Amino acid sequence: MSDTNFTATVPLQSVSSEITQPSSILSLQAKILAIRNGLRQGQQQMADWISGPLAVSAVPGAGKSTGMAAAAAIAIARQYESLALSRSAVHRQLVVVTFTRSAAANIKAKIRKYLREDLSLPQTGFAVYTLHGLALNIASRYPDLSGLELENLTLITPSQSHRLIRTAVEQWINNNPEKYFRLLEGQQFDGEETERLRRQSVLRTEVLPDLATTVIHEAKSSGLSPEQLQKWSQQTADEYAILSIAAGLYEQYQNLMRSRDFIDYDDMILAALRVLENNSARRIEQNQVFAVFEDEAQDSSPLQTRLLEILASDSVEEAGEQGKNILLSTQHAAQLPLPLTALNLVRVGDPNQAINSTFTPADPIYFRQFCEECDRSEKLATMNQAGRSTRIIIAAANFALEWVNSFYGAKNQKSAHLVSSPFRSQTIYPVSSNDPQKNANPAPEGKGLELYTPRDIHHTVELLSKRIVELFAPDPTNTRAAVLVRENRQGRWLAEMLAPVCKEHKITLYDVGERDRRSHVPQEILALLQFCDRPHSPDYLKAALEVLVQRQLVPTQDLNALASLPEEFLYPGPLAAAQAEPVEKAAHLCRSLLRARLELPLYQLISFLALTLNYDQAELATADKLAERVNQQIAGNSSMGAMLSALSEIVSSERFEPVETEDLEAHYTRTNQLTIITMHKAKGLDWDYVFIPFLHENLIPGRFWVPPQSQFVGDFTLSEVARAQIRAALHGELGIPDVTQAWEQAKHLKTAEEYRLLYVAMTRAKRLLWMSAAQKAPFTWSKPDNLQEQAPCPVFPALKRQFPESVEV
């Protein structure tokens, strides 16, 4: 939930004079009823919400965003009605929270449409946020309480190689030589100098940075302090004291963040909760909100959930005390629940689509618990009808869920500490014949489900290409298709293989992994600035020319020939031979960049380069964000060297968040386009035809792989053991698991999430689901030509047995 800047806030306006008449109220009630009657049963349960808590468990394709938008519009209308009848001057608003910026824009548009077209009401009375956007909104309005002076702070998203993490590691090593030496010894050590140096390098650059990155995010997003982690470490008895090391790294990180005026995304949530500790501020915030609706609730962290609970609480004093306890006590947020009846909170999600919990602090257990609590008080709604997919695709998804639960449920019974099944038991049902959705449960394309076992990955491409051409040929302008891959490296290879076929048949090929990531903006800007700083460097000149060629600003040509003699290329003498037109065009553009370097102030350079590169709207917005970040970072030391240093740090060691346009998802699902996209990125989208190749056991469910260079520590990774131990403590389990149990739990979580990811991928298809597992495939996709026999994902043979008519020979 990294989009902090998106907030669609629509203040409540008084419409009392318009609906105070009985006839107007009756008319509004009739309009509300008309919206409700146009919804499915599960959606109607949302629309019937009046107050209190409500959990909504929605299967894929059930129309939860439409249902939430309709329910939100109806709740706003009832609020208008209540104000009119009571003639109250207190105007509260509905807060809607969702996962991404694009999802927030989408649901805002739907709510406005219902208010405008179906209810004839002003498009007011609600605010739509991402979770971090909501937190930032609260924190920024109370800087004295939150401790966030935004003009003096820098938001960072540190990766494992970020300088801050590296510095925290070095400081911990200096302060804890005995623990570090114990890690260095590992399982055994003969004292050989070369091996000692190798181990030092691995610990400093890989093992400890990985542990720090994982634990800091996991602990901080759960409201845990370094001191709390140290206390928990006393309950463990492993030889390395992993939690104690993690707590020390976390403490060093926090000290560095404070000293440099840095904040991360978790700090935003914590800052908002600090505001809500204050009785006066909390009353102000709660009195502005009559309810909170949350989408994608399975992806929330404990602190994010608590923030929403406090805002949605009617029990002002109690909410405040509990919110305070999160930050100040040694108890965990999930262990101090607010009274369920005091919450005007609607949470919508699907635990079976929780696909972020092994690399973010999101943990579906909390939404599962919320569903169970609501079920006990008959406040659980189930949206189990879905109109997205044809019936055989629904049957395949249901079978996969049941098979995985059955197979791994029996397997986990042998281990007392592995209790949860990968999936919550639920079945997707087709919609009724009178469903309002157009073309619900569409007719299948061919068999609807096609299962292939190609000889190898090249045979896979042949089969894939043939089917793609067949599907696009009849009506390309109304055809949407996607290839879903497990990792970007597969996507890059596939894009290269499929490009000639798509070009021949005039099918647009859109590789999301390569073309839609705005992370290229910092790299491209850095390349041009390095050239401007040192134009006579052949390497920098070539890098700048490569950017200009990629942006199609200069013709493709032999760049090595141009870069080998920079002076001759940029400023040819009077006796030099005339430059060819492509060369002259490239030289002219390069000279214009150098001229801008001399004539423009430093703070305008990034914006100028973005315009020069013909960036689109989203790229320009990302460049502006980058410029603001860099200029803020070099304030007081404004020089080209400082700018290049800041940019290099961002490019080399940080995941710079791009600015996305509101129609981003439309780019992925355009007609006459074959989209190559990862399974994670595909969540929330759908296509007529979905292809899922390369279904192999080494990727789904995969396995935890301990890198050979760090195996001297043991047959586990410190980061995953620590994550499992922290979650066990947070979940209130009896005792913190030892290293062996924690490693087994981590592997179980990974397996469960990978199968949920496959379930998400399968349910993206409307009319055709094409799946394959080649007999030969790469062990690693960094070397796609190194083919070897690969076992299929265990679900795939089971699907072939269950649906023999779908098996293609």
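What volume does the second largest cavity have? The second largest cavity has a volume of about 30 Å³, where a cavity is a set of points on a 1 Å grid over the protein atoms alone at which a 1.4 Å probe fits but cannot get out, and a volume is the space filled by probe spheres set on points joined across faces, edges and corners.

## Basis of the model

This is a predicted model, in which local features need pLDDT of at least 70 and side-chain atom pairs count only at pLDDT 80 or more, while totals for chains, interfaces and linings use all residues. Residues are numbered from 1 along each chain as its sequence is written, and side-chain values use heavy atoms, with hydrogens and water left out.

## The cavities

R727 belongs to helix α32, which covers residues 718–730 (a helix is a DSSP run of H or I with at least four residues, numbered from the N terminus). R727 counts as buried because its relative accessibility is 4%, buried meaning under 20% relative accessible area with a 1.4 Å probe and protein chains only.

Leaving aside residues up to four places away in sequence, R727 touches E218, S357, T360, P361, A362, D363 and L749, contact meaning heavy atoms within 4.5 Å.

Definitions and conventions:
On a 1 Å grid over the protein atoms alone, a cavity is a set of points where a 1.4 Å probe fits but cannot get out, and a pocket is an open set with protein on both sides within 12 Å along at least five of seven lines; lining residues have an atom within 4 Å of a point. Helices (H or I, at least four residues) and strands (E, at least two) are DSSP runs, numbered from the N terminus. Buried means under 20% relative accessible area, exposed over 50%, partly exposed in between (1.4 Å probe, protein chains only).
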